[in-house]
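Dear colleague,

My notes on the fold and the charged side chains follow it.

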Amino acid sequence: SIVVAPNEGYIKYMNLAQLCQGQEALKCYQQAYNIMKQEVCKLRTKKSVASIHREMAGCLVAAAELYLTDLCDDDDAEKNCEDALEEALKHCADSVEVHQTHASLRLSQQREDDALTDIRKAVLLTHKLSEEFQPTYESKIELGRLYMQVHPPEAFQFFLDLLQLNDTNPVSYTHLRAHETPEHLVCRLLLEKKKKEKQQQVYKYKLYNNRNIKHI
């Protein structure tokens, strides 16, 4: 597909980037972004334009993450990461991933106050955005991990909210215990209590169903 039509279809480059590392992955993201810039001019509806702008922001976030990981030793890695995220914000200011990655950059720069501002923006968006635009559960756990580094009390509440909203994926207590202090112990206990309550509810539901089946 890339050989036949190298300048058409950005998704194939996004997928290929997932299989590559370093500069090769970055080239794929750059090509995908360039194709999206061409496609956005052809779109007619506001919804489709907004959708591709969100995709463009995601592409730039992926490139920025490379500068924080594989390409962190490049001479201009910090500047390129900053530029990519600033451009991503222009495309989609209500992206959780953009603010979350921006917080990672600020933490790497030891700018914890600025990182906290970005994290709070990301968390606020997880409460406001519809399910369609929510990040993955794993991404939210990573957001909580970043939160824990700069403001453990608020992070505990975030994890508690996450646990209440999610019935299938338990919050990893590794993140909580790694930063636990006596004053935060009660937060962890609340989380564990909530988890036990959910387990009891499931057990009661199964027991009730089993009894009904026997009576049939």
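**Surface and fold**

The protein chain exposes about 13,400 Å², and carbon and sulfur atoms supply 52% of that area. Please keep in mind that this is a predicted model. Of the 216 residues in the protein chain, 40% are buried.

The secondary structure is quickly described: the protein chain has ten helices and zero strands, which gives the pattern α-α-α-α-α-α-α-α-α-α along the sequence. As for contacts in the protein chain between residues at least 6 apart in sequence, 57% of them join residues at least 24 apart.

**Salt bridges**

Searching the whole structure gave seven salt bridges.

R106 and E82 form a salt bridge through their side chains, at 2.7 Å from N to O. This pair links distant parts of the chain, with R106 in helix α5 (residues 96-108) and E82 in helix α4 (residues 77-91), 24 residues apart. Both R106 and E82 are buried.

R120 and E154 also make a salt bridge, and their closest N and O atoms are 2.7 Å apart. R120 has a relative accessible area of 38%, so it counts as partly exposed. E154 is likewise partly exposed, because its relative accessibility is 24%.

The salt bridge between the side chains of K90 and E87 has an N to O distance of 3.9 Å. Both residues lie in helix α4, three residues apart, which is about one turn of the helix. K90 counts as exposed because its relative accessibility is 67%, where the cut-off is over 50%. E87, at 29% relative accessibility, is therefore partly exposed.

**Acidic patch**

Which residues gather in a patch of negative charge on the surface? They are D73, D74, D75 and D76. D74 is placed in the loop between α3 (46-68) and α4.

Regards

Note on methods:
Residues numbered from 1 in each chain as written. Predicted model: local features only at pLDDT ≥ 70, side-chain atom pairs only at ≥ 80, totals over all residues. Heavy atoms only, no water. Salt bridge = Lys/Arg side-chain N within 4 Å of Asp/Glu carboxyl O. Helix = DSSP H or I, 4+ residues; strand = E, 2+ residues; numbered from the N terminus. Buried < 20%, exposed > 50% of the residue type's maximum accessible area, 1.4 Å probe, protein only. Patch = residues over 30% accessible without salt bridge, like charges linked within 9 Å, V, L, I, M, F, W, Y side chains within 5 Å. Areas by Shrake-Rupley, 256 points an atom, 1.4 Å probe, with all protein chains shown as cover. Lys, Arg positive; Asp, Glu negative; His and termini not counted. Charge placed at Lys NZ, Arg CZ, Asp CG, Glu CD. Contact = heavy atoms within 4.5 Å.
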